[in-house]
Amino acid sequence: MSYLGIVLTSIFASNALLTYGFGSIPEFERRSSASFASALALACVNIVASALLWLIHSLVLAPLGLASLDILFFALIAVPLIKFIARVAQQGSIKQGSLLFKLGERSDDIAVGSLVYGIALLSARSGYSFPEALAASAAAGLGYWLSQFLLEAVRERLELSDLPAPFRGAPAMLLSAGLMALAFMGVDAVLVKNLVGA
Amino acid sequence: MSFQKEGFVPNPVLAGLIGICPLVVAAKSLAEGAAYGLGAALCAFLLGLLIPPARVFLPDRLQAPASLALSAALALIYGFCLEMYSSALAARLWIYLPLLAVSGLSLVALRLSSSASRSGPDGQSRLAVIAMQAAWFLVTSTCVGAARELLGLGTLTIPTTGPSLSRIAVADIAPLRILVTPAGGFILLGFLVALYRVTLRASGRKGL
């Protein structure tokens, strides 16, 4: 598949949140995930994590027949490294509100969780080459951000709506996520393949 | 007397929305729901059991990475055990087995067990809270998996040993086939969370 096909598939057909259930929907998090800093942090953290896991998985563990141990190496190497980079970014930023500071803060938050590890694992185990795995992981991060952005917009509208009490908040968001997942299912891998012609 | 003091621990999935998104995709059938729920529950309980004694001899800086590595090791061991028990089931759970290390329930167990005191502000033992949450998660995951499979496919998959799973046909028609997709999982859980709220309100209890 071409790079465009990989990117479109990772954003829509294989959306990290709505297809694989990585991460969480906006209602569950206190901090908004729909900001520009979040999108950038997601892309950066996913690229670093996927690059590390791909290298460990493909060059070290798979030739030794120990591919299933990649989770241990991810916990021991990738997560501490991402957290270290995030702290350096926070300390190196000029002021607290700067983009670099927000980037470091957000990266530190998302380093441990199913989102980053799930995307890295998918990239490493999907048979992609190294550059393809990087493109897929960055696009998966952007796909997650897109679904968060859309759900955040839905949540703002729902807050102004007169919903029955038991459906306010999380249930309404879960129903909205389900309907959005249906829409994303429409852009499947075959359609993307036909669109980009590869 | 409040229900918290009576030892009531709300359902972590339906009240606390813990680990709900991976559950939507992983628990598509009775067997998958039970296997995923059991893995998450065992990992969380063992983390709650093993981390407090390990904290005594680990330096502060190493506690977080060591806890995460322990969580990864537990998920790995559970994956190997499930592979030996039923390779078909392990294959169906695919990447959700290693992801048990960073599931919402495991992260809650890590947070609770990394606290200095053994009991919370309400006097309940942290291990008891983790155990109750783990039990709730197992029950919820199994029920969600069974409901989705029954309504979506009209069958029930039994977690049997060997390379294939045995499936019992319960109904001739599958009225809500959408339920076995992630979209259907989100929609079903949305209704279940609302129903749980109504039930809690009717019994005068509060969620998390």
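Modeller: Let's start with a term: a residue is buried if 20 or more other C-beta atoms, placed from the backbone, lie within 10 Å of its own, exposed if 12 or fewer, and partly exposed in between. This is a predicted model, where local features need pLDDT of at least 70, side-chain atom pairs count only at pLDDT 80 or more, and totals for chains, interfaces and linings use all residues. Residues are numbered from 1 along each chain as its sequence is written, while chains are lettered from A and ligands numbered from 1 in the order in which they are written.

Colleague: Okay, why is B:Leu17 called buried?

Modeller: B:Leu17 has 24 other C-beta atoms within 10 Å, and the cut-off is 20 or more, so B:Leu17 counts as buried. B:Leu17 also has a positive phi of about 55°, though it is not a glycine.

Colleague: And what makes B:Trp94 partly exposed?

Modeller: B:Trp94 has 14 other C-beta atoms within 10 Å.

Colleague: How many residues does the contact take from chain A and from chain B?

Modeller: Two residues are in contact if their C-beta atoms, placed from the backbone, lie within 7 Å. The contact takes 37 residues from chain A and 32 from chain B. H7(A) gives the most to chain A's side, with nine residues. A helix here is a DSSP run of H or I with at least four residues, numbered from the N terminus.

Notes. Helices (H or I, at least four residues) and strands (E, at least two) are DSSP runs, numbered from the N terminus.
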